[in-house]
Amino acid sequence: MELLRPSSSEEATSALGNGSRALAGGTELVPLMRDGLVRADTLVYIRDVVPSGIDGTRIGAGTTLAELEVDPQIPQALREACTQAASPQLRSMGTIGGNLLQATRCWYWRLGFDCWLHGGEKCFARDGAHREHAMVGNEQCASAHPSDVAAALLALGATVRTTRREFALAELYRLPTDDDRNVTTLAPDELILELDVPTPDASIYLKAMDRRKWSFPIVGVAAARFDSETRIALAGVAPIPWTLDSPAALEDATPLPGTAYKVDIARTLVRRALEGVAAPSR
Amino acid sequence: MARLIRTEKEVEGRYEEVWIVVDEDALDQWPAGSLTTVGRRVPRVDGLARVRGEAPFTADLQLPGMLHTAVLRSPYARARVTSIDLEPARSAPGVRAVIGPADLNQLTDEPGYVGHAVAAVAADTFGQAQGAVERIAVKWEVLEPLLDPDEAVRQESFVSDVAKYERGDFERGLAEADAVVEAEYRTQVVVHNSLETHQAVCHWDDGGITIYISTQYIWGIRASMADHLGLPPDKVRVICHAMGGGFGAKNGPGDYTPIAAELAKRTARPVRCALTRREENVAAGNRNATIQRLTAAATSDGTLVALGGDFVNAVGFSGWSATTEGPMKMLYACDNVRTTQYPAKLNLPPMAPFRAPGFVEGTFALECLLDELAEKLGIDPLELRRRNYADSDRTEDRPFSSKNLAECYRRAEPHWAKRDEVRARSEGPWKHGIGLASQIWYGGGGPPSYAWIRVGSDGRAQVVTAMQDIGTGTRTAMAQIAAEELGIPLDHVQVSLGDSARGPFASISAGSSTVPSMGPAVRSAAADAKRQIIEIAAQRFHLEDGVLDLRNGEIVSAGGGSWPLTEITGLLESGQILGQGARGPNPAGMQVLTFGVQVAEIAVDVETGEVRVDKIVAIHDVGRVINALGAESQVEGGIIQGIGHTLSEERIDDPSTGSILTRTLDSYRMPTIADVPEIVTDLVDIPDEHLTNLGSKGLGEPPIIPVAAAIANAIRDATGADIRSLPITREEMLRALREADAREKERRGAPAAV
């Protein structure tokens with residue numbers, strides 16, 4: 001295996017594609033390679049060429065979650081999403097760009113079952129064990145997206161700048177289809193460089209998990225209020241980070257038998273999040 | 001004089017009759033309470049070596065030329081290997097040997113669970129071995145697995161006989177009852193997940209084999225591997241100096257030891273076979289799931305008149321069926337008890353004993369049901385337990401060697417009395433409550449076990465016995481016992497253990513037996529050395545030996561004289577005083593058991609199902625405490641492991657294929673430090689006057705036993721919800737709350753009872 005250390009983002013993107021993969025913090029890529037879920041002959045180390053650090057509303061994609069969680073410039077929802085993610089060790093290695101591109105924790109997918117998301121015929125979780133899985137957007141694939149940070153950024157209305165384009169974060173994700181099982185719109189040779197995160201009047205991230213630390217979300221709820229408008233986004237409930245148009249949209253959820261409880265928890269956390277960001281009444 | 005006796009030997013609730021030779025246990029017990037070192041808070045003597053990374057674990061061992069093993073494990077819960085081609089693996093880079101089902105009994109061509117070992121490769125590196133395993137070509141005939149325990153009972157698929165028990169007349173008891181409660185409880189599969197995975201390094205030399213292994217039973221490995229290899233036992237040397245946890249899963253050689261031995265033989269090289277974390281979560285044993293359908297009945301004064309239950313142990317493909325019904329039979333003085341235990345054989349990975357197997361699961365169900373009964377009767381739960389206090393063992397009709405559960409209850413009172421105060425902390429969705437649960441378990445240890453001791457001319461002593469310290473602080477406790485008896489400072493005692501070629505036979509470290517089995521032997525060896533020193537001193541000082549004693553490193557006489565110990569031992573130059581000791585018998589005709597009660601304070605967010613444990617008070621009666629600090633650590637470890645069992649840990653299997661889905665520590669969720677509550681340890685510390693020269697019982701297992709029930713009962717106190725299954729996930733908590741809500745609505749809406 002080859003490790004490249006490019007000196008510019010152009011050099012990096014030209015080395016990507018053709019089965020090579022970008023390596024930043026390595027907290028996701030390395031385990032996936034060890035498990036044989038990602039095979040790559042070439043790794044492109046991008047830490048030196050992707051911006052990192054915080055400048056006003058702009059966050060370099062190479063910034064670690066550990067740096068974000070302690071920076072007072074960062075909106076509360078994002079800081080809380082970082083603090084409640086993973087463990088201190090993982091947060092000091094993992095970058096925000098990499099966090100947005102995490103794969104699902106679905107055990108069938110992680111164990112390499114020939115499942116629909118891997119390109120196979122069927123979703124094993126739908127009829128199998130799925131208490132950690134999706135409650136919406138789960139018709140084809142019941143996997144749940146694990147990123148706390150993505151939900152916070154969706155609620156905050158973040159935009160993404162890559163080596164090719166600039167767009168709303170929501171456009172980074174797509175529900176996989178029969179023709180294309182990818183959950184992001186990122187091209188193989190495209191790198192996330194920077195995020196722009198508007199400063200809300202109030203924001204919050206609430207997370208239900210199976211233990212008090214180092215656990216992926218059962219349900220994560222982010223809410224951000226800009227003046228009188230509040231946006232809500234959910235983690236751990238769909239194959240991609242999920243924007244909730246309104247609290248009432250939860251009544252249209254399509255839970256599996258084993259994920260119905262997630263809808264109950266989401267209702268409560270959405271209510272609490274909205275209370276948490278509500279404008280002070282005079 | 002050596003005495004031949006026929007006695008019962010108990011490990012983890014399983015009895016066998018054995019012949020043993022014991023020495024008379026002539027020593028009187030020490031007076032109760034803290035002594036010079038025994039009973040004190042003593043830091044681990046090997047603590048520094050452990051935190052500095054110097055303690056030699058099997059996982060650290062690197063022998064010259066050592067090969068590494070990867071094992072091909074069945075991906076199917078039930079299958080037949082119709083053909084297997086090992087050749088592609090043999091020609092892979094770095095490969096030194098490949099073995100398959102035809103080469104070793106532990107490798108199968110009819111796997112009965114996911115993870116069953118089929119073939120193994122030894123190569124220069126672990127990566128090469130793994131790569132070669134992937135090249136083994138297997139054709140499988142996949143068969144329908146049996147995964148449902150109730151279905152196994154219907155098909156009479158059992159690993160052993162169905163165990164029936166009845167005393168008194170259950171039906172008559174039920175008929176006399178004023179209140180009856182019935183419920184079905186389920187407990188999950190949990191995995192030991194020791195820090196150090198199961199592993200062994202085998203090395204053939206001079207017609208014999210040396211086995212370095214992470215084990216709880218050096219002598220058991222020696223015996224079983226000698227038998228397996230057809231060697232005289234003294235040709236099998238077993239070494240374990242430090243180990244990273246066992247919890248019951250490391251009592252035997254597993255598949256990895258015979259695999260390493262066979263590959264080492266074929267390659268004439270040392271071979272390591274170490275399970276990966278993923279294999280550890282699949283094929284290293286587990287606490288099996290249970291289904292318990294229980295009935296409890298009492299008269300209006302709270303007297304239990306009937307206890308009964310069907311207990312299904314989902315044992316897995318092999319292993320043994322633990323006494324899940326044990327607490328129901330033993331904990332209370334009920335005249336009418338009827339239990340049936342079904343040992344279901346399934347196409348799931350085999351059980352291995354896990355810290356009080358059976359009693360952890362059985363206590364959860366029984367003690368939850370008892371609280372439901374208490375509410376129905378309108379009797380305080382602690383009072384109900386007192387009214388049914390067992391004064392003797394009703395299963396064997398024997399007296400207890402000692403029982404101080406009443407004292408445990410007395411000490412629990414101030415914590416229990418805080419119920420109203422704790423409930424009053426409830427605010428918004430967070431409801432607070434207190435619950436308690438009792439504990440009964442074995443832990444008496446037994447013979448045979450031996451220790452030697454040698455005292456040098458410098459007045460320092462070394463204890464030599466081929467036991468193991470499984471991480472529980474054994475080295476420290478044994479050093480304390482020897483120092484106490486010899487009257488020398490603790491740091492003048494060294495303990496040499498961990499090697500079957502150095503020292504005599506020693507007990508298994510399972511069933512909470514290490515201190516009660518080994519401690520008396522060590523004391524007896526120290527007493528033997530002390531007697532010799534006093535005899536020599538009496539001759540030297542022209543005194544009667546009856547007036548001499550050893551204290552604080554000095555020989556003291558009744559007349560007030562004192563001489564440094566080295567004045568006598570120093571005479572010997574290179575000579576040594578050698579003492580030897582043996583574990584005496586357990587008290588004949590008595591039941592040796594441990595007892596306790598735990599009080600849990602919890603809070604529940606009734607809207608999200610989050611359960612938070614705020615505090616656990618653990619009060620246990622385990623006889624004399626040797627190391628108060630080490631004992632506290634044991635209690636804390638047991639409670640933390642119990643919290644994992646209660647709230648977050650669960651091995652999840654695919655319901656149709658029996659594949660294990662939780663193979664890593666991010667999906668199999670053990671508690672982190674953030675999940676650990678305030679833990680208060682209160683040990684009764686009264687020596688069992690009938691048990692050995694120490695009066696000490698074991699403490700490894702008791703603390704985990706009542707945790708789940710105490711938490712579930714506290715949840716009931718806080719919310720009125722009845723927990724029925726473990727772990728208490730968000731969905732189980734929300735389900736129980738919904739059910740309690742519906743019951744409450746029905747009660748309010750229903751017409752008044754006539």
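Which residue in β21(B) is the bridge partner of R454(B)? Keep that question in mind while we walk through this predicted model; the tour will come back to it.

**Start with the whole model**

The scores to know are ipTM 0.97 and pTM 0.97. Select chain B next: its mean pLDDT is 96, and 99% of its residues reach 70 or more.

**Where the chains meet**

Now show both chains and turn to the contact between them. Chain A brings 19 residues to this contact and chain B brings 22 residues. On chain A, select residues 260-277: this is helix α10, which gives the most to the side touching chain B, with 5 residues. If you colour that side of chain A by residue class, you will find 9 nonpolar, 3 polar and 7 charged residues.

**The domains of chain B**

The assignment lists domain 1 (2-57 + 445-491 + 510-582), domain 2 (61-144 + 193-283), domain 3 (145-184 + 292-390) and domain 4 (396-444 + 587-754). Keep domains 1 and 2 of chain B on screen: their centres, taken over C-alpha atoms, are separated by 38 Å. Where these two touch, 8 residues come from domain 1 of chain B and 15 residues from domain 2 of chain B. The domain 1 side of this contact has 6 nonpolar and 2 polar residues, with no charged residues.

**A sheet in chain B**

Next, display the strands β22, β21, β20 and β26 of chain B. These 4 strands make an open sheet in the order β22-β21-β20-β26, with mixed pairing. Look at the edges, where you will see β22 (493-496) and β26 (577-582) of chain B; each has a single partner strand, so one side of each is left without a neighbour in the sheet. From one strand to the next, the twist averages 20°.

Zoom in on β20 (residues 450-455) and β21 (residues 461-464) of chain B, which pair in the antiparallel sense over 4 bridges. Here is the reply to the opening question: in β21(B), R454(B) has Q462(B) as its bridge partner.

Note on methods: Residues numbered from 1 in each chain as written. Chains lettered and ligands numbered in written order. Predicted model: local features only at pLDDT ≥ 70, side-chain atom pairs only at ≥ 80, totals over all residues. Contact = placed C-beta atoms within 7 Å. Helix = DSSP H or I, 4+ residues; strand = E, 2+ residues; numbered from the N terminus. Nonpolar A, V, L, I, M, F, W, Y, C, P; charged D, E, K, R; others polar. pLDDT = per-residue confidence, 0-100. Domains from an automatic or database assignment. Pairing = 2+ DSSP bridges. Axes fitted to C-alpha atoms, helices over the stretch in contact; angles between N-to-C directions.
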